Amino acid sequence: MQEYQRITHPFGPLYDENSRLLILGSFPSVKSREQQFFYGHPQNRFWKVLAGVLGVPVPQTIEEKKQMLRQNRIALWDVIAECDIIGSSDSCIRNVVPTDLGRILECAQIRQIYTNGGTATKMFEKYQKPRLGRGSVGLPSTSPANAAWSVERLQEAWRAALREYLQSNGAA
């Protein structure tokens, strides 16, 4: 049986002064921690879903993923900076230290914050919303653990939630 490990988020946020939308996950999986980049597990559907919503080819390399995000003014980060966790399991996260979203919000004019999945949404509400004084829009998780949702269903839900942003940025 695996035991809890105290882990500090091993890589920084992706954003620049042109970012207008912020998508927050909970905490990087073991595979993401190994790759030092977001949504690194091959079964995670984040990149397929986002590319489908944006109407662009699915990026394969980390550089292509960064380029897709920058071209669409999307910032990416996580709600949790440090926690106790077993493997990649969001359900066992405890002793949370939240990330500092201030540096992103000071640099970029973020119009909307979205959270990817129930844990990210719950942790945002508990730790980030009181600090920031602003909420987020919860999206269904792209994790393979959310097996009830197909890629197509996820794209439909994400597209509906991001519609206003996409229209205002000429991406839809």
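**Close-up 1. Strand 6, a mostly covered strand.** In this predicted model, strand 6 takes in residues 112–116. Look along it and you'll find that four of its five residues are buried, meaning they have under 20% relative accessible area.

**Close-up 2. Strand 6 and its partners.** Strand 2 (residues 21–25) pairs with strand 6 in the parallel sense, with four bridges between them. To get from strand 6 to strand 7, the chain passes through helix 5, making a right-handed β-α-β crossover.

**Close-up 3. The largest pocket.** This one has a volume of about 520 Å³. Its lining is made up of 28 residues, and the ones nearest the centre are Ser29, Asn44, Ser88, Asp90 and Ser143. Helix 5 (residues 118–132) turns up again here: it gives the largest share of the lining, three residues. Sort the lining by class and you get 17 polar, nine nonpolar and two charged residues.

**Close-up 4. The second largest pocket.** About 170 Å³ of space lies in this pocket. Among the residues lining it are Tyr39, His41, Trp47, Lys48 and Lys65. Asn44 is on the list as well, and it also lies among the residues nearest the centre of the largest pocket. By class, the lining of the second largest pocket has five polar, five nonpolar and two charged residues.

Key: Residues numbered from 1 in each chain as written. Predicted model: local features only at pLDDT ≥ 70, side-chain atom pairs only at ≥ 80, totals over all residues. Heavy atoms only, no water. 1 Å grid on protein atoms, 1.4 Å probe; cavity = no way out; pocket = protein on both sides within 12 Å on 5 of 7 lines; lining within 4 Å. Points joined across faces, edges and corners; volume = space filled by probe spheres on them. Helix = DSSP H or I, 4+ residues; strand = E, 2+ residues; numbered from the N terminus. Nonpolar A, V, L, I, M, F, W, Y, C, P; charged D, E, K, R; others polar. Buried < 20%, exposed > 50% of the residue type's maximum accessible area, 1.4 Å probe, protein only. Pairing = 2+ DSSP bridges. Right-handed = clockwise from strand over helix to strand, strands pointing away.
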